[in-house]
Amino acid sequence: MIDFSKLDKVIHEKGRLSIMTLLATRVEWNFQDLKGQLQMSDGNLITHLRALEKVGFVSVYKEMNKKRPQSNYALTKPGKAAFEDYLTVLEQIVSLGKND
Amino acid sequence: MMTDQEVATDHLRIIRSLMERATVYRAISAPAALFGGIIALVTGVGMALRAPGPGEPAAGSESAVAGANFLAPDHLDPPGGLEPMVFFLVWVGVLILVGLFNAVLLWRGSQARGEEFFSSGMKLALRATGPPMLAGGLISFLLLEAGGSRASCALLWVVFYSLALIGARSFAPRSMRWLAWMFFSAGLGLFVLLRVFGGCLGGKFSTDQALAGLIMALTFGALHVVYALIILCRPKGAEEI
(Lines give C-alpha, C1' and ligand atoms only; values in the text may rest on other atoms or scores of the structure.)
Protein backbone atom coordinates (compact mmCIF):
# COMPACT_ATOMS: atom_id res chain seq x y z
CA MET A 1 0.00 0.00 0.00
CA ILE A 2 1.48 3.33 -1.03
CA ASP A 3 1.46 6.10 1.54
CA PHE A 4 0.69 9.05 -0.74
CA SER A 5 0.93 11.43 2.21
CA LYS A 6 4.67 10.84 2.04
CA LEU A 7 4.71 12.41 -1.41
CA ASP A 8 5.88 15.76 -0.13
CA LYS A 9 3.93 18.59 -1.75
CA VAL A 10 6.85 21.02 -1.47
CA ILE A 11 9.21 18.72 -3.34
CA HIS A 12 6.53 17.52 -5.78
CA GLU A 13 7.08 20.43 -8.15
CA LYS A 14 9.62 20.14 -11.00
CA GLY A 15 11.63 23.26 -10.13
CA ARG A 16 12.00 22.43 -6.46
CA LEU A 17 12.54 18.74 -7.23
CA SER A 18 15.42 19.73 -9.53
CA ILE A 19 16.95 21.90 -6.81
CA MET A 20 16.63 19.14 -4.21
CA THR A 21 18.21 16.66 -6.65
CA LEU A 22 21.22 18.86 -7.32
CA LEU A 23 21.68 19.61 -3.63
CA ALA A 24 21.64 15.86 -2.97
CA THR A 25 24.62 15.33 -5.32
CA ARG A 26 27.16 17.52 -3.50
CA VAL A 27 27.82 18.93 -0.05
CA GLU A 28 26.90 22.43 -1.20
CA TRP A 29 26.09 24.48 -4.27
CA ASN A 30 26.48 28.17 -4.80
CA PHE A 31 23.67 30.18 -6.37
CA GLN A 32 25.42 30.78 -9.71
CA ASP A 33 26.22 27.08 -10.23
CA LEU A 34 22.63 26.11 -9.43
CA LYS A 35 21.37 28.72 -11.85
CA GLY A 36 23.75 27.50 -14.57
CA GLN A 37 22.69 23.88 -14.17
CA LEU A 38 18.95 24.51 -13.94
CA GLN A 39 18.69 27.33 -16.51
CA MET A 40 16.28 29.20 -14.23
CA SER A 41 15.90 32.94 -13.83
CA ASP A 42 17.26 34.52 -10.63
CA GLY A 43 13.74 35.31 -9.40
CA ASN A 44 12.37 31.85 -10.07
CA LEU A 45 15.32 30.13 -8.43
CA ILE A 46 15.31 32.35 -5.36
CA THR A 47 11.56 31.81 -4.89
CA HIS A 48 11.96 28.03 -4.94
CA LEU A 49 14.99 28.16 -2.66
CA ARG A 50 13.10 30.30 -0.14
CA ALA A 51 10.18 27.86 -0.19
CA LEU A 52 12.55 24.98 0.55
CA GLU A 53 14.35 27.02 3.22
CA LYS A 54 11.02 27.87 4.86
CA VAL A 55 10.14 24.20 5.40
CA GLY A 56 13.67 23.49 6.69
CA PHE A 57 14.85 21.34 3.77
CA VAL A 58 17.62 23.71 2.70
CA SER A 59 20.15 25.73 4.64
CA VAL A 60 21.97 28.76 3.30
CA TYR A 61 25.12 30.55 4.32
CA LYS A 62 26.67 33.59 2.75
CA GLU A 63 30.35 34.22 2.23
CA MET A 64 32.47 36.80 0.46
CA ASN A 65 34.00 35.61 -2.81
CA LYS A 66 36.31 38.11 -4.51
CA LYS A 67 34.69 40.87 -2.44
CA ARG A 68 31.25 39.81 -3.70
CA PRO A 69 28.66 38.15 -1.48
CA GLN A 70 27.93 34.56 -2.48
CA SER A 71 25.11 32.35 -1.22
CA ASN A 72 25.80 28.65 -0.72
CA TYR A 73 23.00 26.15 -0.34
CA ALA A 74 22.96 22.67 1.20
CA LEU A 75 20.38 20.04 2.11
CA THR A 76 19.57 19.82 5.81
CA LYS A 77 19.06 16.47 7.56
CA PRO A 78 15.27 16.75 7.35
CA GLY A 79 15.70 17.77 3.69
CA LYS A 80 17.75 14.63 2.93
CA ALA A 81 15.21 12.45 4.75
CA ALA A 82 12.30 14.08 2.90
CA PHE A 83 14.06 13.63 -0.45
CA GLU A 84 14.75 9.95 0.26
CA ASP A 85 11.15 9.38 1.34
CA TYR A 86 9.96 11.14 -1.78
CA LEU A 87 12.15 8.91 -3.97
CA THR A 88 10.86 5.80 -2.21
CA VAL A 89 7.25 6.76 -2.86
CA LEU A 90 8.00 7.56 -6.52
CA GLU A 91 9.63 4.15 -6.98
CA GLN A 92 6.65 2.45 -5.35
CA ILE A 93 4.25 4.24 -7.69
CA VAL A 94 6.30 3.24 -10.73
CA SER A 95 6.63 -0.40 -9.65
CA LEU A 96 2.89 -0.53 -8.87
CA GLY A 97 2.24 0.60 -12.45
CA LYS A 98 4.49 -2.17 -13.78
CA ASN A 99 2.67 -4.81 -11.72
CA ASP A 100 -0.78 -3.78 -12.99
CA MET B 1 -3.87 14.50 -17.80
CA MET B 2 -0.94 12.43 -16.61
CA THR B 3 -1.48 9.41 -14.37
CA ASP B 4 0.37 9.02 -11.07
CA GLN B 5 2.68 6.49 -12.70
CA GLU B 6 3.48 8.83 -15.57
CA VAL B 7 4.20 11.71 -13.20
CA ALA B 8 6.38 9.47 -11.03
CA THR B 9 8.28 8.17 -14.07
CA ASP B 10 8.74 11.70 -15.38
CA HIS B 11 10.04 12.92 -12.01
CA LEU B 12 12.40 9.97 -11.68
CA ARG B 13 13.73 10.73 -15.17
CA ILE B 14 14.37 14.35 -14.15
CA ILE B 15 16.16 13.20 -11.01
CA ARG B 16 18.31 10.72 -12.91
CA SER B 17 19.32 13.11 -15.67
CA LEU B 18 20.13 15.94 -13.24
CA MET B 19 22.15 13.67 -10.98
CA GLU B 20 24.18 12.38 -13.90
CA ARG B 21 24.80 15.85 -15.28
CA ALA B 22 25.65 17.36 -11.90
CA THR B 23 28.09 14.68 -10.90
CA VAL B 24 30.11 14.75 -14.12
CA TYR B 25 32.96 17.22 -14.41
CA ARG B 26 35.49 17.12 -17.24
CA ALA B 27 38.71 18.47 -15.77
CA ILE B 28 40.67 17.98 -19.02
CA SER B 29 39.06 19.46 -22.12
CA ALA B 30 39.59 17.70 -25.47
CA PRO B 31 41.50 20.58 -27.16
CA ALA B 32 43.79 20.87 -24.13
CA ALA B 33 44.43 17.13 -24.22
CA LEU B 34 45.21 17.33 -27.94
CA PHE B 35 47.49 20.33 -27.43
CA GLY B 36 49.23 18.71 -24.45
CA GLY B 37 49.49 15.36 -26.22
CA ILE B 38 51.12 16.87 -29.30
CA ILE B 39 53.57 18.91 -27.19
CA ALA B 40 54.45 15.82 -25.14
CA LEU B 41 54.90 13.76 -28.30
CA VAL B 42 57.18 16.35 -29.91
CA THR B 43 59.17 16.96 -26.70
CA GLY B 44 59.47 13.27 -25.84
CA VAL B 45 60.46 12.14 -29.33
CA GLY B 46 62.80 15.14 -29.60
CA MET B 47 64.51 14.17 -26.34
CA ALA B 48 64.81 10.58 -27.46
CA LEU B 49 66.27 11.47 -30.87
CA ARG B 50 68.70 14.03 -29.49
CA ALA B 51 69.98 11.70 -26.79
CA PRO B 52 73.60 10.72 -27.23
CA GLY B 53 74.17 7.12 -28.29
CA PRO B 54 75.14 4.47 -25.78
CA GLY B 55 78.78 4.70 -24.70
CA GLU B 56 81.15 2.62 -22.70
CA PRO B 57 80.05 1.77 -19.16
CA ALA B 58 81.14 4.41 -16.68
CA ALA B 59 83.78 3.47 -14.15
CA GLY B 60 82.18 1.54 -11.31
CA SER B 61 78.92 1.26 -13.21
CA GLU B 62 77.44 -2.06 -14.21
CA SER B 63 76.13 -0.70 -17.46
CA ALA B 64 75.75 2.51 -19.38
CA VAL B 65 72.57 1.12 -20.84
CA ALA B 66 69.57 2.44 -18.96
CA GLY B 67 67.34 -0.36 -20.08
CA ALA B 68 69.59 -2.95 -18.51
CA ASN B 69 68.53 -1.68 -15.12
CA PHE B 70 66.64 1.53 -15.58
CA LEU B 71 65.86 1.86 -11.89
CA ALA B 72 69.48 1.76 -10.74
CA PRO B 73 71.01 5.14 -10.06
CA ASP B 74 74.52 4.03 -11.03
CA HIS B 75 74.13 4.08 -14.78
CA LEU B 76 75.26 7.19 -16.57
CA ASP B 77 74.44 8.41 -20.05
CA PRO B 78 77.40 9.41 -22.20
CA PRO B 79 78.20 13.15 -22.09
CA GLY B 80 76.09 15.51 -24.19
CA GLY B 81 72.64 14.62 -22.88
CA LEU B 82 70.24 16.65 -20.77
CA GLU B 83 71.09 17.08 -17.11
CA PRO B 84 68.44 15.37 -14.92
CA MET B 85 67.28 18.68 -13.47
CA VAL B 86 67.01 20.21 -16.95
CA PHE B 87 64.91 17.20 -17.93
CA PHE B 88 62.71 17.84 -14.89
CA LEU B 89 62.36 21.56 -15.63
CA VAL B 90 61.55 20.99 -19.31
CA TRP B 91 58.61 18.78 -18.36
CA VAL B 92 57.48 21.10 -15.58
CA GLY B 93 57.47 23.84 -18.25
CA VAL B 94 55.33 21.64 -20.52
CA LEU B 95 52.96 20.95 -17.60
CA ILE B 96 52.59 24.67 -16.82
CA LEU B 97 52.02 25.56 -20.48
CA VAL B 98 49.37 22.88 -21.01
CA GLY B 99 47.83 23.58 -17.59
CA LEU B 100 47.40 27.26 -18.47
CA PHE B 101 45.89 26.37 -21.85
CA ASN B 102 43.48 23.95 -20.14
CA ALA B 103 42.58 26.60 -17.55
CA VAL B 104 41.76 29.14 -20.27
CA LEU B 105 39.49 26.61 -22.02
CA LEU B 106 37.76 25.64 -18.77
CA TRP B 107 37.28 29.32 -17.95
CA ARG B 108 35.70 29.95 -21.36
CA GLY B 109 33.44 26.91 -20.88
CA SER B 110 32.33 28.09 -17.45
CA GLN B 111 31.58 31.57 -18.84
CA ALA B 112 29.48 30.05 -21.63
CA ARG B 113 27.47 28.03 -19.09
CA GLY B 114 27.09 31.05 -16.79
CA GLU B 115 29.01 29.30 -14.02
CA GLU B 116 31.91 30.43 -11.91
CA PHE B 117 35.39 29.24 -12.90
CA PHE B 118 35.97 27.85 -9.39
CA SER B 119 32.70 25.93 -9.54
CA SER B 120 31.82 23.11 -7.16
CA GLY B 121 33.00 20.66 -9.85
CA MET B 122 36.34 22.43 -10.23
CA LYS B 123 36.87 22.43 -6.46
CA LEU B 124 36.05 18.71 -6.34
CA ALA B 125 38.52 18.04 -9.16
CA LEU B 126 41.28 20.06 -7.48
CA ARG B 127 40.74 18.29 -4.16
CA ALA B 128 40.89 14.89 -5.84
CA THR B 129 43.83 15.45 -8.18
CA GLY B 130 45.97 17.86 -6.15
CA PRO B 131 47.54 15.49 -3.56
CA PRO B 132 48.70 12.77 -6.04
CA MET B 133 50.07 15.40 -8.44
CA LEU B 134 51.94 17.15 -5.63
CA ALA B 135 53.29 13.85 -4.30
CA GLY B 136 54.42 12.78 -7.79
CA GLY B 137 56.20 16.09 -8.39
CA LEU B 138 57.99 16.08 -5.06
CA ILE B 139 59.03 12.42 -5.09
CA SER B 140 60.31 12.60 -8.68
CA PHE B 141 62.26 15.78 -7.87
CA LEU B 142 63.90 14.11 -4.87
CA LEU B 143 64.57 10.98 -6.94
CA LEU B 144 66.36 12.94 -9.67
CA GLU B 145 68.19 15.07 -7.16
CA ALA B 146 69.50 11.91 -5.51
CA GLY B 147 70.81 10.66 -8.87
CA GLY B 148 67.86 8.50 -9.91
CA SER B 149 67.20 7.74 -13.55
CA ARG B 150 65.05 9.96 -15.76
CA ALA B 151 63.20 6.91 -17.05
CA SER B 152 62.02 5.88 -13.58
CA CYS B 153 61.11 9.55 -12.94
CA ALA B 154 58.96 9.54 -16.11
CA LEU B 155 57.23 6.35 -15.01
CA LEU B 156 56.56 7.80 -11.56
CA TRP B 157 54.86 10.75 -13.26
CA VAL B 158 52.72 8.36 -15.29
CA VAL B 159 51.66 6.41 -12.19
CA PHE B 160 50.97 9.48 -10.02
CA TYR B 161 49.08 11.17 -12.85
CA SER B 162 46.94 8.05 -13.21
CA LEU B 163 46.26 8.11 -9.46
CA ALA B 164 45.16 11.75 -9.76
CA LEU B 165 42.75 10.83 -12.56
CA ILE B 166 41.51 7.78 -10.66
CA GLY B 167 40.87 10.07 -7.67
CA ALA B 168 38.49 12.04 -9.87
CA ARG B 169 36.73 9.00 -11.34
CA SER B 170 33.56 9.31 -9.27
CA PHE B 171 32.59 12.51 -11.10
CA ALA B 172 34.60 12.12 -14.33
CA PRO B 173 33.04 11.20 -17.68
CA ARG B 174 33.64 7.72 -19.06
CA SER B 175 36.48 8.77 -21.41
CA MET B 176 38.43 10.28 -18.51
CA ARG B 177 38.01 7.12 -16.48
CA TRP B 178 39.32 5.21 -19.49
CA LEU B 179 42.30 7.60 -19.67
CA ALA B 180 42.99 7.07 -15.95
CA TRP B 181 43.11 3.29 -16.25
CA MET B 182 45.21 3.44 -19.44
CA PHE B 183 47.79 5.60 -17.62
CA PHE B 184 47.68 3.30 -14.60
CA SER B 185 48.19 0.17 -16.72
CA ALA B 186 50.89 1.82 -18.84
CA GLY B 187 52.77 3.10 -15.78
CA LEU B 188 52.80 -0.15 -13.85
CA GLY B 189 53.14 -2.29 -16.98
CA LEU B 190 56.17 -0.36 -18.24
CA PHE B 191 57.79 -0.47 -14.80
CA VAL B 192 57.61 -4.26 -14.82
CA LEU B 193 58.39 -4.72 -18.53
CA LEU B 194 61.45 -2.47 -18.40
CA ARG B 195 62.70 -4.09 -15.22
CA VAL B 196 62.41 -7.55 -16.76
CA PHE B 197 63.14 -6.95 -20.45
CA GLY B 198 64.95 -3.58 -20.37
CA GLY B 199 68.25 -5.25 -21.19
CA CYS B 200 66.90 -6.25 -24.60
CA LEU B 201 66.66 -2.60 -25.70
CA GLY B 202 69.32 -1.70 -28.19
CA GLY B 203 70.92 1.34 -29.81
CA LYS B 204 70.14 4.91 -28.89
CA PHE B 205 66.84 4.00 -27.24
CA SER B 206 68.68 2.09 -24.55
CA THR B 207 70.02 5.27 -22.94
CA ASP B 208 68.28 6.87 -19.99
CA GLN B 209 67.37 10.13 -21.72
CA ALA B 210 66.03 8.40 -24.83
CA LEU B 211 64.07 5.89 -22.77
CA ALA B 212 62.56 8.65 -20.61
CA GLY B 213 61.64 10.69 -23.71
CA LEU B 214 60.05 7.65 -25.28
CA ILE B 215 58.01 6.88 -22.15
CA MET B 216 56.75 10.47 -22.02
CA ALA B 217 55.87 10.46 -25.73
CA LEU B 218 54.01 7.14 -25.55
CA THR B 219 52.05 7.98 -22.42
CA PHE B 220 51.51 11.72 -21.95
CA GLY B 221 51.74 12.19 -25.72
CA ALA B 222 49.94 9.33 -27.42
CA LEU B 223 47.33 8.59 -24.72
CA HIS B 224 46.22 12.23 -24.54
CA VAL B 225 45.95 12.45 -28.33
CA VAL B 226 43.80 9.29 -28.41
CA TYR B 227 41.64 10.64 -25.55
CA ALA B 228 41.15 13.95 -27.40
CA LEU B 229 40.28 12.21 -30.67
CA ILE B 230 37.70 9.98 -28.91
CA ILE B 231 35.92 13.07 -27.56
CA LEU B 232 36.25 15.18 -30.70
CA CYS B 233 35.04 12.40 -33.02
CA ARG B 234 31.89 11.49 -31.10
CA PRO B 235 28.55 12.73 -32.44
CA LYS B 236 27.78 16.37 -31.61
CA GLY B 237 25.51 16.83 -28.63
CA ALA B 238 26.14 13.33 -27.30
CA GLU B 239 26.36 13.75 -23.54
CA GLU B 240 28.92 11.49 -21.98
CA ILE B 241 28.45 10.02 -18.53
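These questions and answers cover helix packing and strand pairing in a predicted model. Local features need pLDDT of at least 70, side-chain atom pairs count only at pLDDT 80 or more, and totals for chains, interfaces and linings use all residues. Residues are numbered from 1 along each chain as its sequence is written, chains are lettered from A, and side-chain values use heavy atoms, without hydrogens and water.

Trainee: At what angle do helix α1 and helix α2 of chain A pack?

Mentor: Helices (H or I, at least four residues) and strands (E, at least two) are DSSP runs, numbered from the N terminus. Axes are lines fitted to C-alpha atoms, for helices over the stretch in contact, and angles run from 0 to 180 degrees between N-to-C directions. Residues 14–25 form α1(A) and residues 31–38 form α2(A); their axes lie 11 Å apart, at an angle of about 120 degrees.

Trainee: Which residues of α2(A) make the contact with α1(A)?

Mentor: Contact means heavy atoms within 4.5 Å. From α1(A) come Ser18(A), Ile19(A), Leu22(A) and Leu23(A). Their partners in α2(A) are Leu34(A), Gln37(A) and Leu38(A).

Trainee: What is the strand order of the open sheet in chain A?

Mentor: Two strands pair if DSSP finds at least two bridges between them. The edge strands, β1 (29–30) and β2 (58–65) of chain A, each pair on one side only. Pairing is antiparallel, and the order is β1-β3-β2.

Trainee: Which residue in β3(A) stands opposite Met64(A)?

Mentor: β2(A) and β3(A) (residues 68–75) pair in the antiparallel sense over eight bridges. Opposite Met64(A) stands Pro69(A).
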